[in-house]
Amino acid sequence: MADTFLLNGKEMPFTQGQMILEAARNGGIEIPTLCYLKGSTPTGACRVCCVEVKGARSLVAACSTPVTAGMEVFTSSESVRKARKLNVELLLSSGSHNCLACEKSGDCRLQDLARQCRLDEVRFEADAGKYPVEKDNPFIIRDFSRCILCGRCVQACNEVVVNRAISFGYRGAASKIVTGGDVPYNESECVFCGQCLEACPVGALMEKKASGLGRPWETQKIRTTCPYCGVGCQQLLHVKDGKIIKVTAVEDAQPNQGRLCVKGRFAYDFIYSEERLKTPLIREKNGEFREASWDEALDLVATKFKEIIKKDGPDAIAGVSCARSINEDSYQMQKLFRAVIGTNNIDHCART
Ligand code: SF4
Ligand code: SF4
């Protein structure tokens with residue numbers, strides 16, 4: 001028989017070692033949190049997931065408190081609601097949280113929580129922060145004045161993608177998320193996978209290329225498979241007016257489980273390049289290329305193949321298909337080489 005505990009008066013099962021937040025989620029009760037990052041070590045940094053446990057001297061962080069059999073937990077008692085509201089208020093006063101000017105507005109967990117807690121005003125004086133915005137790299141804007149020091153970026157970098165490029169630095173009011181030596185991202189160990197960006201719940205880390213291009217509610221999210229390599233990572237294209245403005249990973253989907261590499265996340269501009277080839281090109285005797293129709297180009301290739309096979313046999317020809325091709329195209333390519341041309345010289349550039 002499964003162990004149980006009482007959640008808001010209702011009996012719930014849990015597994016040994018499970019934290020209150022996870023056990024509640026499994027039971028369909030969402031406890032708000034800003035710092036919890038699924039799959040990484042809970043830190044209890046934001047204190048927004050505070051809950052009341054009968055018999056405990058104070059409220060506890062649900063993300064980092066293990067459930068025990070018979071434990072009685074209350075997720076929205078008056079003391080919980082008051083403490084949660086105060087924590088959100090303190091976070092809002094910990095930096096510059098001007099939602100009107102923030103690109104994250106509409107997709108910001110702190111903003112959502114303020115609304116959820118019915119927080120109409122912030123009574124404390126806002127601390128605009130002491131660190132300048134970092135824009136030196138082509139991909140990620142770091143706005144320290146919006147950072148709530150939840151640590152999700154650090155967890156994502158160190159535990160999810162294991163790049164270990166960032167950590168907490170300095171102390172007290174001077175605390176900051178830093179790279180080794182506190183240098184800008186582009187001078188650090190950062191590989192620009194953007195996992196920190198994906199994890200940030202507020203506007204402290206933002207996609208540089210998406211800046212000013214559209215609000216979250218103006219974009220359509222289209223799920224697709226990354227076109228770069230054979231891994232097949234699942235991604236969401238954020239599209240506004242028919243144009244991709246940013247790319248994020250699909251959470252919980254195989255094979256990437258919410259991760260993307262620098263190419264999959266940031267290198268989508270090529271589809272709009274004026275330099276893309278749109279028609280076949282045939283090289284003339286003088287070395288210059290000229291545009292040709294598909295029929296003309298394919299006839300020329302077939303003629304040349306026949307000439308080579310006649311002179312040197314089919315093994316004088318080899319084919320390499322593209323890793324971006326779909327399975328069906330790759331299958332047809334090997335069929336063409338094995339069954340039509342008559343050689344096993346066929347490969348696939350499956351570099352990742
Ligand atoms: S982009 Fe990737 S490597 Fe760089 S700090 Fe963020 S998570 Fe770490
Ligand atoms: S940059 Fe974002 S994810 Fe990282 S600590 Fe600050 S608010 Fe949290």
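Two strands count as paired if DSSP finds at least two bridges between them. Strands (E, at least two residues) and helices (H or I, at least four) are DSSP runs, numbered from the N terminus.

This is a predicted model: local features need pLDDT of at least 70, side-chain atom pairs count only at pLDDT 80 or more, and totals for chains, interfaces and linings use all residues. Residues are numbered from 1 along each chain as its sequence is written, chains are lettered from A and ligands numbered from 1 in the order in which they are written, and side-chain values use heavy atoms, with hydrogens and water left out.

**Exercise 1.** Describe the hairpin of β1 and β2.

*Solution.* Start with the strands: β1 covers residues 3-7 and β2 residues 10-14, and five bridges join them in the antiparallel sense. Next, pick out a bridge: Phe-5 has Met-12 in β2 as its partner. Finally, look at the turn, where two residues lie between the strands and Asn-8 has a positive phi near 50°.

**Exercise 2.** Find the partners of β5 and place the strands in the sheet.

*Solution.* Begin with β1, which runs parallel to β5 (residues 72-74) over two bridges; here Leu-6 is partnered by Glu-72. Then take β3 (residues 50-53), which pairs with β5 in the antiparallel sense, also over two bridges. Glu-52 sits opposite Phe-74 of β5. Now read the order of this open, mixed sheet of five strands: β2-β1-β5-β3-β4. Because β2 and β4 (60-61) are at the edges with a single partner strand each, one side of each has no neighbour in the sheet.
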